[in-house]
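Me: I am new to this structure. Please pick one part and take me through it closely.

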Amino acid sequence: MQKVMKRIMAVVLLVSMAVASIGIVPRKVEASTTYQYLANLRNLLSDYQYVVKENLEVKTHTMGGVAVGGNCKMADFADAMVSPSYAGNLVKVGNVKDTPSTGVPEGYHTKKFYYTCKEDNAFENYQASKFEQNTYLDMVSAFHTIQSESTALVSGAEKAVVTGNKIIIDFSKAKKYEVPANLISSDRSVTLDIVGLASPDDLRDEEYSISVTGLKDTIVFVDFGATSKPAAADKILPVTWNGQPMNNKLKKISSDNYAGAQFVNSGMKLIWNFPDATKMMAEYISGHFVAPQADFTISGGNFEGGVIAKSVTSGAEGHFYPYFKVGTARDTVPGAKPELKIIETALVKVLVEVGDDEEIKFIKDKGGNDVVINSDNADYQWQVFDKKTGTWNDIPGAKGTVLNPDKSLEGKQIQCTVTGKNDYTGQAVAEGVVRALPPVEKQTGETSITIEAEDGFEYEIRDKSGDIVIPWVTDGCAKDGDGVTGSITFNGLKSDTSYDVVKRAADLAVTESRITEMRTKSTNPSPSLVPNPGSTPKATPSAAPSVTTGGTSGTQTTGQKPGETPKKTLPPEDQTIGKGTVELKIPTIVMKKIMAPKMKFRIKLLNQKGAKVRCSSSNKKIATIDKNGLVKTKKKLGKAKLVINVTKGKKKIQYIVNLVVRTTIKKNYSLYKYKTSYKYPSVSLYKLLPKGKTYKIQLLHLNKTAKVTYKSSKPSIAKVDKKGKVTPVKNGRADITVTIVQNGITYKYFVVVRSTEKGVESNTSYLKVIR
């Protein structure tokens with residue numbers, strides 16, 4: 001029995017010794033220190049030479065630090081480690097330099113290396129003080145973010161084409177390019193040539209990217225200066241700079257260049273992006289290499305930039321060229337530290353009725369992503385504009401996502417201020433208008449109609465074809481702001497005839513009400529002028545239509561006197577809605593446009609040759625528009641209403657751009673190729689519409705008689721319903737034709753819908769970035 005016990009104890013002892021020799025440490029370690037920036041693509045490329053989701057093996061010297069989720073095995077490194085390194089499991093690390101390499105400033109060097117687990121002899125004992133057990137980085141979360149950013153880099157990129165035997169990447173024309181894998185050859189017959197930059201110094205301040213897509217099952221060797229293609233590669237992509245091999249070109253970046261150009265502190269923003277590649281090979285890389293799903297082999301030579309990949313085996317010497325200049329305050333650099341910042345919001349309806357719910361439609365963050373609307377991420381405050389003081393005042397109790405406006409808000413401008421909280425910061429404003437209620441009839445005569453006239457509103461009477469009989473008038477006692485209600489009598493009307501009466505807030509055309517149909521009596525067809533509401537009309541056959549206003553504080557008569565020759569009134573379609581604008585009251589197509597400062601966009605006008613073109617901007621300090629449809633934004637952020645209309649004989653069209661100028665946008669395309677058999681003036685709009693979202697075509701200045709039809713050229717790509725709601729079906733292009741018949745005149749507008757699906761290439765040959 002004693003022998004048995006001795007054997008059991010010996011086995012236990014041996015197992016204990018074996019466990020100790022393996023060097024097992026607890027997997028879950030609470031982090032006392034964490035990476036100080038948001039772990040995204042640009043921040044990580046600013047701090048690390050290698051960012052690897054799983055395993056990293058480097059066989060030669062590396063200047064910068066590393067961030068590794070799995071096993072880490074490296075030779076000596078850290079001459080310019082600007083941020084603490086991290087490894088999920090430290091297998092073996094060579095010498096971690098105590099001091100920076102010659103010429104590298106002392107302040108650009110840190111010696112700390114964190115790890116979650118390590119194997120025995122992962123580092124030499126004399127270096128033990130440099131290593132600390134600490135889960136410094138969540139690499140799974142980081143790569144989730146990186147994959148999203150890698151995919152997003154493709155969005156809006158200029159599609160590259162083969163010209164002769166070259167794929168020309170002209171960075172003077174666009175800063176983002178997409179190269180489909182089918183352009184790459186299996187030999188050296190097609191070369192990618194970068195042109196359009198004066199020198200590598202241009203890469204310091206602005207980002208340039210080349211995204212190669214469609215590589216999921218293809219191994220590509222990206223060749224910056226090698227002599228032969230590895231046998232394992234399916235395709236080869238030789239890269240040149242102005243026709244010369246690109247290897248070592250970035251060493252010519254002129255400032256903050258240390259250690260023989262092995263460390264350049266001034267920043268370098270050229271990104272090679274491979275969002276769907278699963279296996280990659282390269283040599284002599286010039287630029288940052290991003291392939292978040294790929295097992296990546298760097299066969300030799302040296303490279304300037306950072307590497308992001310699923311796993312990496314490298315025989316190349318890594319030269320550290322951070323994305324941002326070391327020491328840059330990340331929170332002040334656009335794109336360096338993406339914030340959950342609210343920058344845009346909108347209402348479901350811009351024009352809302354009294355008693356009808358107005359609701360926040362969406363909120364977008366700094367990255368253009370939709371934010372789920374709830375009280376956990378934002379506070380809401382509805383406000384009303386006071387024209388007397390020129391200020392926005394809070395509406396008491398209106399603090400939710402929905403507002404139900406009452407009579408006190410009729411004809412007023414409203415807005416909802418959305419302020420981020422908890423995980424979100426920033427503030428955005430959604431603006432709208434509460435529509436005026438329809439006019440109320442008081443009494444009718446044989447040639448007159450009397451209506452109630454409310455303080456702060458004006459009224460207009462039209463015939464049933466929409467033509468103006470008496471233009472906008474305001475009651476004499478109801479326009480002084482004292483709240484007194486008066487009346488208006490429209491005189492000299494035809495007997496036994498129906499008219500449409502409309503109402504709007506004074507000086508705020510967009511608040512126009514729905515019509516109220518009123519009819520004169522039929523007993524006496526002779527037109528008359530009624531001097532005061534309620535008095536007995538006298539027959540005055542020669543009188544023209546006129547108006548009498550009155551109330552408790554007196555009466556006021558406007559219009560022509562009996563027997564006076566009536567003034568010629570322009571047809572309604574030739575009357576602008578107010579001073580400082582060319583906007584006509586004709587059926588109009590409207591679209592919201594977002595641009596950045598100092599940017600250009602061209603409206604695609606059709607058949608305008610020989611026509612009269614007029615245009616206006618509500619705020620020329622924000623943006624201007626010319627008669628060729630060219631829109632130019634200024635330096636300031638803000639909003640502007642741009643109007644352009646075209647008249648050719650009896651044919652007229654009008655397009656309104658509700659422009660928002662903000663700091664960041666996606667690619668700004670203009671439509672420059674469009675053909676139609678339609679021979680009259682029109683305009684063609686471009687709309688990008690990702691699958692899963694919808695778009696409502698917005699029209700303005702339609703009267704009750706207007707008939708509108710919508711037709712899609714390819715319903716299999718994008719379909720449109722009878723209300724103008726466009727729904728994308730699959731990737732491709734569909735042209736929506738909008739036909740409006742109003743007052744016997746036909747208006748046509750065209751909307752080019754580019755329907756996109758995630759991960760599917762989309763044709764942009766008919767689009768152009770105006771520079």
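Reply: Start with strand S39, which covers residues 516-519. This is a predicted model. Side chains alternate along the strand. Thr516 and Met518 point to one face, and both are buried.

Now look at the partner strand. S38 spans residues 498-505 and runs antiparallel to S39. Four bridges join the two strands. Across from methionine 518 in S39 stands tyrosine 499.

Next, move to glutamate 460. This residue sits in strand S35, residues 457-462. Is glutamate 460 buried or exposed? Its relative accessible area is 2%, and buried means under 20%, so glutamate 460 counts as buried. Its side chain has a polar contact of 3.1 Å with the side chain of tryptophan 472.

Which residues does glutamate 460 touch, leaving out those up to four places away in sequence? Ile468, Ile470, Pro471 and Trp472 are among them. The list also includes Phe490, Asp500, Val501 and Val502. Asp500, Val501 and Val502 bring us back to S38, residues 498-505.

Finally, a word on confidence. The protein has a mean pLDDT of 81, and 81% of its residues reach 70 or more. Over residues 477-482, though, the pLDDT is below 50. That stretch still has 22 contacts in the model beyond near neighbours in sequence. Residues 551-569 also stay under 50. For them the model has 32 contacts beyond four places in sequence. Where pLDDT is low, predicted coordinates should not be read in detail.

Definitions and conventions. Residues numbered from 1 in each chain as written. Predicted model: local features only at pLDDT ≥ 70, side-chain atom pairs only at ≥ 80, totals over all residues. Heavy atoms only, no water. pLDDT = per-residue confidence, 0-100. Contact = heavy atoms within 4.5 Å. Buried < 20%, exposed > 50% of the residue type's maximum accessible area, 1.4 Å probe, protein only. Pairing = 2+ DSSP bridges. Polar contact = N/O pair within 3.5 Å; in protein donor to acceptor, adjacent residues only side chain to side chain.
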